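Student: Hi! Could you walk me through this protein? I'd like to ask questions as we go.

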Amino acid sequence: MNSENNNNFIQKAFELTKDNIILAQPLIIFLIIISFTMTGLANQTNHIAYVVIFTANVLLCTAFFSGWFYMIKKAVKNANREFKNPQEKAEASLALGREFFPGVGEYFLPVSFTIVTYFVVYILLLFTSYKAGMYFLPNPELDWHKLMSMGNASVVEMQKYVASFSFEQLRAINLWMLYMLGIAGLFTFLTMFLFPAVFDRNKTGKMAGKKDFILYAPFMAFNRNIVFIFKNFFGSVGLL
């Protein structure tokens with residue numbers, strides 16, 4: 001991933017979008033389709049159908065981001081090219097529309113594997129953090145069954161339940177919230193450029209094989225992501 005001056009990061013992103021309006025076309029189509037599928041998912045009562053529709057939505061999102069980010073990758077390359085005239089530049093921009101499906105074909109499996117790896121690592125991190133927190137954070141001693149049942153309670157019942165907590169319980173809950181939110185925030189920060197980094201690979205490297213790329217994609221992308229974040233630390237923090 002090429003290091004850039006983050007002071008004009010937003011400006012360059014805006015200029016890239018302005019010069020390549022065609023990037024909005026697949027996004028608009030995707031948002032229309034996903035709005036219908038999500039509505040169907042929300043109204044679904046059959047568990048098997050729910051799983052099928054949910055899985056289809058995940059695959060749809062993966063396919064879209066594979067093709068769309070590939071188009072953006074090509075747009076960035078075009079931005080660094082020298083064009084003879086505005087017409088040639090416009091033709092190159094319109095040609096981005098033909099890059100969507102090749103992008104899906106090339107990046108669908110690497111992106112899918114990266115998504116799976118991301119959530120597995122995230123869940124394991126939260127679980128490990130929870131177990132570690134049990135050793136040095138106070139136990140709020142909550143009735144978890146009653147707490148979960150409060151999800152369907154009225155606002156008055158919820159307020160009454162929270163008012164029943166002791167000062168020690170409230171303090172313990174706040175400490176746990178700060179701790180877990182801190183862990184989640186740190187993980188989010190350290191992976192904020194993970195998925196764009198999947199698309200920034202060197203085909204001449206030793207991991208050039210398609211099989212190797214799929215298997216190593218999350219780890220190679222994470223390495224490029226970390227390098228970029230710390231090379232542009234303050235700019236990365238500013239994007240949070």
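This is a predicted model: local features need pLDDT of at least 70, side-chain atom pairs count only at pLDDT 80 or more; totals for chains, interfaces and linings use all residues.

Student: Okay. How many helices and strands are there in the protein?
Tutor: The protein has 11 helices and zero strands. Reading along the sequence, you get the pattern α-α-α-α-α-α-α-α-α-α-α.

Student: And what share of the residues is buried?
Tutor: Of the 240 residues, 29% count as buried. If you look at contacts between residues at least 6 apart in sequence, 83% of them join residues at least 24 apart.

Student: Let's look at a helix pair. At what angle do H2 and H3 pack?
Tutor: Helix H2 covers residues 24-42 and helix H3 covers residues 47-79. They pack at an angle of about 170°, and their axes are 10 Å apart.

Student: What does that angle tell me about their directions?
Tutor: Angles over 145 degrees count as roughly antiparallel, so H2 and H3 are roughly antiparallel to each other.

Student: Which residues of H2 and H3 meet?
Tutor: On the H2 side they include Pro26, Leu27, Phe30 and Ile33. On the H3 side, Tyr50, Ile53, Phe54 and Trp68 are among them. By class, the contact between H2 and H3 has 15 nonpolar, three polar and no charged residues.

Student: Staying with H3, is Ala75 buried or exposed?
Tutor: Ala75, which is in helix H3, counts as buried because its relative accessibility is 1%. Leaving aside neighbours within four places in sequence, Ala75 is in contact with Leu16, Asn20, Leu23 and Leu96.

Student: How far apart are Ala75 and Ala95?
Tutor: In sequence, Ala75 and Ala95 are 20 residues apart. In space, they are 9.8 Å apart, C-alpha to C-alpha.

Student: New topic! How do H5 and H8 cross?
Tutor: Helix H5 is residues 100-136 and helix H8 is residues 167-190. Their axes come within 11 Å and cross at roughly 150°. H5 and H8 are therefore roughly antiparallel to each other, and their crossing is right-handed.

Student: Which residues make that contact?
Tutor: H5 contributes residues including Tyr118, Val121, Tyr122 and Leu125. From H8, the contact includes Trp176, Tyr179, Met180 and Phe187. The residues of this contact divide into 15 nonpolar, two polar and no charged.

Student: I'm also looking at Leu190. Where does it lie?
Tutor: Leu190 lies in helix H8. Leu190 is partly exposed, because its relative accessible area is 23% and the cut-off for buried is under 20%.

Student: How far is the backbone oxygen of Leu190 from a polar atom of the Asn225 side chain?
Tutor: The backbone oxygen of Leu190 lies 2.5 Å from a polar atom of that side chain. Apart from residues up to four places away in sequence, Asn225 touches Leu190, Thr191, Met192, Phe193, Leu194 and Ala197.

Terms used:
Residues are numbered from 1 along each chain as its sequence is written. Side-chain values use heavy atoms; hydrogens and water are left out. Axes are lines fitted to C-alpha atoms, for helices over the stretch in contact, and angles run from 0 to 180 degrees between N-to-C directions. Helices (H or I, at least four residues) and strands (E, at least two) are DSSP runs, numbered from the N terminus. Angles under 35 degrees count as roughly parallel, over 145 as roughly antiparallel, 65 to 115 as roughly perpendicular and the rest as oblique. Contact means heavy atoms within 4.5 Å. Ala, Val, Leu, Ile, Met, Phe, Trp, Tyr, Cys and Pro count as nonpolar, Asp, Glu, Lys and Arg as charged, and the others, Gly among them, as polar. A polar contact is a pair of N or O atoms within 3.5 Å; within protein, one must be able to donate a hydrogen and the other to accept it, and residues adjacent in sequence count only if both atoms are side-chain atoms. A crossing is left-handed if the near helix is turned anticlockwise from the far one by less than a right angle, and right-handed if clockwise. Buried means under 20% relative accessible area, exposed over 50%, partly exposed in between (1.4 Å probe, protein chains only).
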